[in-house]
Each structure stands twice: as C-alpha cells, then as structure tokens.
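I opened this notebook to record what I looked up in one structure, entry by entry.

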Amino acid sequence: MKAALKKIFDFENGSSLKSVLLLIVAGLLLNIIPAKIALALHLPLFLDCLGTILTAMLGGNLPAVIVGFASNAINGISDPVTMFYGVISIFIAALATFFYHQRFFKNIPRLFVVILSFALIGGGIGSVFTYFLYGFNFGEGISAPFAVAFHEVLGWNKFTSQLWADIVIDFFDKGVVVIAAVFVFRFIPRAIKNHLNKVVLRVNHQDVMKKMVRYSLLRKVVYMVIAAEVLLGGLACTIGFFLYRENSVNNFISIANGVTKAASTAINPDKVDDYINKGFEVDDYEFVRKVLGSIRESFPQTKYLYVYQIRKDGCHVVFDLDTDGEPGGSPGDVVEFDPSFEPYLSTLLAGGEIEPIISDDKYGWLLTVYRPIRNSSNKTVAYIAADISMENIIRDEAIFFIKMLSLFFGLSIIIMSIVLELVKRGVVIPMNQMSLAAMKIAANTTRASMLDTEKVDLESIRDSVERLGKVGVQTRDEIEHLYEAIYTMASDTYNFIQRVQEQNERIRRMQEIIIMEFAEVVEARDKSTGNHIKKTAEYVEAIALQLKAEGKFKDVLTDAYIEKLKRAAPLHDIGKIAVSDLILNKPGKLTDEEFTIMKSHTTEGWKILTKMVEDAGDTIDADYMVESIDMAHYHHEKWDGSGYPTHIKGEEIPLSARIMAVADVFDALVAERVYKKPFTYEKAMAIITEGSGKHFDPDIVEAFTHISERLYGARTKLPPQPEEAAPEQSKS
C-alpha cells in the first residue's frame with residue numbers, strides 16, 4: 001500500500017497526465033470542502049475558489065479553468081443556480097494565472113490589487129448574474145441580507161444594493177482565500193512545484209521565440225479562436241434569445257387562450273345584455289365574477305381578465321375584475337378604444353376573431369388574447385380578454401439569457417482552452433522548436449561564408465540539431481513531414497559544415513606549414529639565426545598577452561588579434577629572400593653599402609607579402625596576412641623616428657611592428673650569430689631598457705621586463721658568453 005501511494009505521488013518521475021489529474025482533483029477538493037465548512041458554520045464567506053487560485057499558481061490556466069467550472073458544476077447538483085456562476089470562476093482562474101506570471105503574489109500592494117480584482121469579478125459580475133437569475137430581485141445567498149438592508153436603509157434600488165453587497169462580501173472572502181493560497185503555496189515542496197512547472201506551465205524556448213518573431217503563432221491562434229468564440233457565442237445567444245422569446249410568446253398565448261376558453265364556459269351569452277344593464281342585480285352575476293376570478297388565480301401569468309362588448313362608441317364593460325388593489329370597471333361602463341386596437345376595430349365590431357395583440361399603453365406592456373362569446377344564434381355578443389404582462393416574459397428572458405450565456409461561455413471557454421493547449425503542444429511548440437533550431441543554424445552559418453567556417457559555432461549548431469531531434473513530432477500530418485524535412489536538412493547542414501570545417505582546418509594548417517617552411521627556408525640561408533622565427537613568434541604572443549593582462553591597448557589586444565600576431569610573426573623577415581647570402585652570412589661587421597642592402601629586406605618583405613595577398617584573394621586569411629605585412633615592413637622602425645625604412649615614429653608605427661621590434665632585438669641579442677657570441681640576459685635587458693622611448697615603445701618595454709626573465713630561462717640554459725658587438729647592424 002505504501003509503495004502504491006509513493007508511486008501515485010511520485011511527481012519527479014510521474015507522467016504529465018497523472019500530475020495534471022492529481023492537481024485538478026486536489027484543486028476541486030480545496031474548492032468544495034472549505035465552502036461546505038463555511039456553509040455549515042454559517043460564516044459570511046464563500047471560500048469556494050482556494051483550489052482554483054492554487055491550481056492557477058501551480059499548473060497554469062487550463063487546469064485552473066477546469067477546476068473553477070467543475071466546482072460550480074458539482075455544487076450545482078444540490079443547488080442548480082450555483083452552476084450558472086461557473087463562468088465567473090473561469091474568469092478568476094484566468095486572472096489568477098495572469099497575476100501569478102506577473103508576480104503579483106510576491107508583495108502586499110500587488111496582493112491588494114489581486115484581492116480587489118477578484119472581488120470586482122466575483123462580486124461585480126456575480127451581482128449582475130444574481131439580479132437577472134432571480135428575476136430582477138435580490139438573491140438568496142450570503143449577501144442577500146446585506147442587499148436588503150442597503151435597499152431599505154439607504155434607499156438604493158435593488159440592483160445597486162445587490163451590487164455593493166456582493167462586492168463587500170466578496171472583498172473579504174477573496175482576501176481570506178488569496179492569503180490562504182499564498183500561505184499554502186509556500187509550503188508546497190519545491191519538487192512538486194518544479195515538476196508541475198515543467199510539465200504544464202511553461203516551455204523555455206517560447207520566451208526566446210517571442211524575441212525572434214514579431215507575432216507568435218500561438219497568439220494568432222488565440223486571437224482567431226477568441227474571435228470565433230465571441231462571434232459564435234454572440235450568434236448562438238442571439239438566436240437562442242429570439243427563439244426563446246418566440247416560444248415564450250407562444251406559450252403565453254396558449255395560456256391566454258386557455259384562460260379565455262375556460263372563462264367563456266362560465267358566462268351565459270344570452271345574459272350579456274342583462275349583465276351590462278343590471279350588473280350585480282342579475283342573480284348569477286356575482287357567481288360568474290367569482291368563477292372568473294378563480295380562473296385568473298389559477299393562471300398567475302394573467303394580469304387582467306375582463307369581458308367587453310364592442311360597440312362603435314367604445315368597449316362596454318360586462319365583467320372587469322379587480323387587479324392588485326386596482327378596482328375594475330363597473331358593469332355598463334364605456335372604455336375608450338386604445339390606439340393600438342385601431343387596426344382590429346372593424347373586425348371586432350363585426351364580431352370576428354383577431355390574432356393576439358401586443359400593446360404598450362397606460363396599462364403597461366401587455367399580450368392580449370380576445371375570444372368572442374357567441375349566443376345561441378351564433379352572434380358575437382361580447383369578447384372575453386386575457387392580458388398577460390410582457391414584464392413576465394422579459395424576466396423569464398433575462399433568466400434564460402444569463403443561464404445560456406453562463407453555460408455556453410463557461411463550457412466553450414473550457415473547450416477553447418483544451419483546443420488551444422492541444423494546438424500549442426501539437427502545432428505551436430513543435431513549430432517553435434523547429435523554427436528556433438533552424439534560426440540558430442542560420443544565424444551561425446550566415447556569420448561567415450562557407451570558406452570561413454571557423455567563425456561558425458559548430459557546437460551550437462550541434463546542440464540545435466540534437467534539441468530538434470528530441471522534439472519527436474508524431475502528428476502524422478504535414479507538420480510531421482515538415483519536421484522530418486527540417487531535421488534532415490539540419491543534420492545534413494551540420495555534417496556538411498563539420499566536414500568543410502575539418503577540410504578548411506587541414507587547408508589552413510597546410511597553408512601555415514607552407515608559409516612557415518617558406519619562412520624557414522629564407523631564414524635557413526642565414527646560418528646564424530637558428531630558431532629565430534619560432535622564438536620571435538613565442539615572444540610576440542607572450543608580450544601581447546602580458547600587455548592585455550596589464551590593461552594596455554585593451555581596445556586592440558583581443559584574443560583573436562593576439563592569435564593573428566602569433567601567426568603573422570614568422571613572416572617578419574621574409575624579405576631576406578632578396579638579400580645576398582654573402583651579406584646574410586658575413587662573419588664580420590657589414591659595410592654601409594652592405595647594411596643598406598640588408599635594410600631593404602623590410603621593403604622587399606612588404607612587397608612579397610602584399611603581392612601574395614593580392615594574388616591569393618579570398619583563398620587566404622587576409623586578416624593575419626595584413627599583420628604580417630605590417631610586421632615585415634615596420635619592425636625596424638624606432639619610437640623616436642630614427643628607424644627604417646619609412647622613419648615613422650611613436651604610435652604611427654603599427655602595434656604589431658612595435659611588439660615585434662622588442663621581440664626581434666631581444667632574440668638577436670641573446671642568440672649566437674656568425675658575427676657574435678650571445679649576450680647575457682643582463683646585457684640584453686640593459687640594451688632593451690636603454691632603448692625605451694628611443695628605439696622601443698615604453699609600454700611594451702615595461703610589459704616585457706615583467707616576463708623577460710621567464711622567456712630567457714625557457715629559451716636557453718647555456719652559460720653566458722659576453723660579446724660587445726653593437727646590435728645596430730644586426731642582420732636580424
């Protein structure tokens with residue numbers, strides 16, 4: 001038994017349907033039980049929507065709507081009038097869901113708005129229902145005594161009295177219920193809240209989709225369903241109203257015919273003239289009058305019952321019963337024709353039969369049926385008439401209309417909510433998930449051309465494809481076909497991009513290897529340089545990272561820019577290919593003429609790399625090649641403008657070339673060359689620091705001093721061999 005209960009209430013592993021059903025049952029119990037207790041204790045509270053509000057907070061609109069309407073339907077078994085208030089419970093459920101999503105249950109001022117809103121719906125709209133359901137009169141519920149007191153003491157009309165009585169009672173009732181709901185909600189285990197939130201409340205991707213599309217599909221569906229609901233409901237209620245009116249009128253005509261037929265049997269047609277002339281003096285006049293009164297009392301819908309003889313000078317009274325303290329006409333009195341009878345006057349004077357008449361005169365809005373009374377000679381001697389007040393029809397119509405409106409919209413809102421939920425889960429959510437995945441793939445694939453796939457976020461595309469695969473649309477219609485097509489396309493796109501990216505990566509590595517080998521071939525002609533291009537690349541990267549760490553050049557030194565510097569650095573001496581081997585490998589100091597030729601490697605490197613970029617077009621990474629052009633051209637420029645080949649100075653020198661200048665000179669100083677022994681670390685750093693502000697950018701020198709010892713230690717562990725050769729004519 002214990003294991004069975006644990007399985008039933010295992011929210012973490014339970015199915016969505018089981019969770020929703022349990023939530024609805026719990027909501028119904030929380031609606032019905034407190035309401036029954038309040039009724040048994042004669043409390044001036046309803047306490048009938050605690051479950052509705054809690055269900056809205058835990059499960060959203062659909063379960064709350066079902067709980068609200070079902071509670072009224074269940075209570076309607078013992079009190080049928082309660083059922084017609086179901087649509088109000090639906091409004092409260094929808095509003096509670098809205099308030100919960102807008103976090104109105106989080107603080108006291110907003111909580112007051114919630115309570116007031118519920119009171120205006122339950123009390124305000126509810127009082128309108130009560131006024132009509134009870135035939136433009138007070139209700140019979142908790143608020144009835146208050147409504148009667150407002151009417152009698154303050155002199156308000158019945159509707160106003162009922163309205164304010166319901167609002168006041170409802171304000172206190174909803175205050176208790178809302179506070180209780182908030183209190184109970186806080187003690188519900190987090191596991192239950194999370195589970196219900198996951199299975200019935202929200203789908204995370206929808207918030208994303210709202211930002212990506214201007215009009216959501218679900219919103220359009222909701223608008224269309226609501227429009228159809230209002231139009232269909234309005235049409236149905238209008239048709240129902242007129243059919244009910246027609247039926248009511250026909251029913252009242254039948255009643256009036258029955259009254260006149262029964263009354264005609266009580267009157268002796270041959271005594272009509274005696275009744276008119278002698279009245280109560282006729283021996284059976286009083287008896288006939290009492291019989292007519294009894295007949296009228298048997299049909300409470302009948303307001304007036306009378307017998308007239310129609311003459312040209314007017315209606316001569318035969319019998320005219322007293323009504324509600326209003327004395328009837330005396331026998332023989334002449335009543336003027338009402339203008340509404342003018343069209344029928346000739347027929348009446350001729351003793352013929354006329355159709356029922358609906359008139360609105362000084363006697364009120366009446367339905368009148370005239371039945372001719374014929375004597376033994378088959379001559380019409382009088383007409384017996386029954387008037388039924390149309391006010392009764394209006395009251396009945398109002399009761400019928402409010403019942404029909406409540407039940408129709410209550411049930412249709414539930415059906416609409418279920419349909420919308422099915423549409424959301426069966427159409428909108430799959431469409432949104434497919435759209436989201438497709439848009440993410442498109443967003444990533446359009447960031448760069450297919451030839452630049454390293455800019456494509458392949459991992460994000462893979463996640464999108466996997467998420468799309470988990471949707472598992474099985475609608476067996478066009479949506480499933482669309483899903484399969486999009487999923488296939490997304491998978492193929494991912495696989496294609498992955499293959500292209502792998503190919504591009506291989507091509508990029510091959511490209512870099514070829515360029516690096518080319519640079520090494522050039523450097524190999526200078527037998528003294530050794531690993532110069534590799535070391536300078538390491539130094540450039542290390543210096544750039546240190547500058548970034550110290551917050552210098554932060555607008556330029558991004559991770560991507562530093563990667564470009566590292567890739568561009570090996571090409572800084574590419575121009576040496578144009579310099580003679582005799583000069584490159586000369587063991588002694590260069591002559592001025594030879595040094596001039598050596599200096600030309602900067603210009604030659606610039607020409608070679610520029611032509612390479614122009615000839616290659618978009619088949620090569622132009623970004624890092626641009627940096628290599630700057631490095632090759634300007635890495636021998638000096639901060640004070642005394643460098644070569646263009647004699648620019650300061651920040652006119654590209655940052656990449658300024659960084660390379662420090663790295664290039666340092667490696668040339670500490671490396672062994674054919675014309676010199678390696679300098680000690682101390683001597684090399686003395687030359688670097690002495691050149692700060694003259695040869696080198698001071699900021700770069702400062703950053704380099706923080707990492708130079710580590711770089712030097714990683715480069716060589718050979719014992720220092722001092723050499724005093726000047727670096728000015730270095731062949732680096």
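**Entry 1. The largest nonpolar core.** The model I am reading is predicted. I began with its largest nonpolar core, which has 48 residues. Which members touch the most others? I found that Ile53, Phe105, Phe118 and Val178 do. I then looked up which helices supply at least two residues of this core, and I noted α2 (16-40), α3 (50-59), α4 (61-75), α6 (86-101), α7 (108-133), α9 (158-186), α12 (217-264) and α16 (390-445). Another core lies apart from this one and has 46 residues, including Ile543, Leu547, Leu669 and Ile700.

**Entry 2. Ile53.** I next listed the contacts of Ile53, leaving out residues up to four places away in sequence. Ile53 touches Ala96, Phe105, Phe118, Val177, Val178 and Ala181.

**Entry 3. The pair α3 and α6.** At what angle do α3 and α6 pack? I read an angle of about 40 degrees, with the axes 8 Å apart. The crossing of α3 past α6 is right-handed. On the α3 side I noted Thr52, Ile53, Ala56 and Met57, which meet Ser89, Ala93, Ala96, Thr97 and Tyr100 in α6. Sorted by class, this contact has 6 nonpolar residues, 3 polar ones and no charged ones.

**Entry 4. The chain as a whole.** I then turned to the totals. The chain has 732 residues, and 46% of them count as buried. I recorded 27 helices and 6 strands. Among contacts with a separation of 6 or more, 67% come from residues 24 or more positions apart.

Entry 5. Is Thr302 buried or exposed? Its relative accessibility is 8%, and the limit for buried is under 20%, so Thr302 counts as buried. Thr302 lies in strand β1, which covers residues 302-311. Leaving aside neighbours within four places in sequence, I found Thr302 in contact with Val259, Arg296, Ala386, Asp387 and Ile388.

I looked up Thr689 next and found this residue in helix α25 (residues 681-690). The relative accessible area of Thr689 is 37%, which makes it partly exposed. Beyond its neighbours within four places in sequence, Thr689 is in contact with Val701 and Thr705. Thr689 and Val701 are 12 residues apart along the chain, and their C-alpha atoms are separated by 6.6 Å.

**Entry 6. Backbone geometry.** Before this search I reminded myself that most residues other than glycine have a negative phi, and that most peptide bonds are trans. Which residues does a cis peptide bond join? I found one between Tyr644 and Pro645, with omega about 10 degrees. Pro645 lies in the loop between α23 (622-634) and α24 (655-670).

His647 also lies in the loop between α23 and α24. His647 is not a glycine, yet its phi is positive, at about 60 degrees.

I noted a positive phi for Asn378 as well, near 60 degrees, in a residue other than glycine. Asn378 has its place in the loop between β5 (364-374) and β6 (380-389). With 58% relative accessibility, Asn378 counts as exposed.

Notes. Residues are numbered from 1 along each chain as its sequence is written. This is a predicted model: local features need pLDDT of at least 70, side-chain atom pairs count only at pLDDT 80 or more; totals for chains, interfaces and linings use all residues. Side-chain values use heavy atoms; hydrogens and water are left out. A nonpolar core is a set of buried Ala, Val, Leu, Ile, Met, Phe, Trp, Tyr and Cys residues joined through side-chain atoms within 4.5 Å. Buried means under 20% relative accessible area, exposed over 50%, partly exposed in between (1.4 Å probe, protein chains only). Helices (H or I, at least four residues) and strands (E, at least two) are DSSP runs, numbered from the N terminus. Contact means heavy atoms within 4.5 Å. Axes are lines fitted to C-alpha atoms, for helices over the stretch in contact, and angles run from 0 to 180 degrees between N-to-C directions. A crossing is left-handed if the near helix is turned anticlockwise from the far one by less than a right angle, and right-handed if clockwise. Ala, Val, Leu, Ile, Met, Phe, Trp, Tyr, Cys and Pro count as nonpolar, Asp, Glu, Lys and Arg as charged, and the others, Gly among them, as polar.
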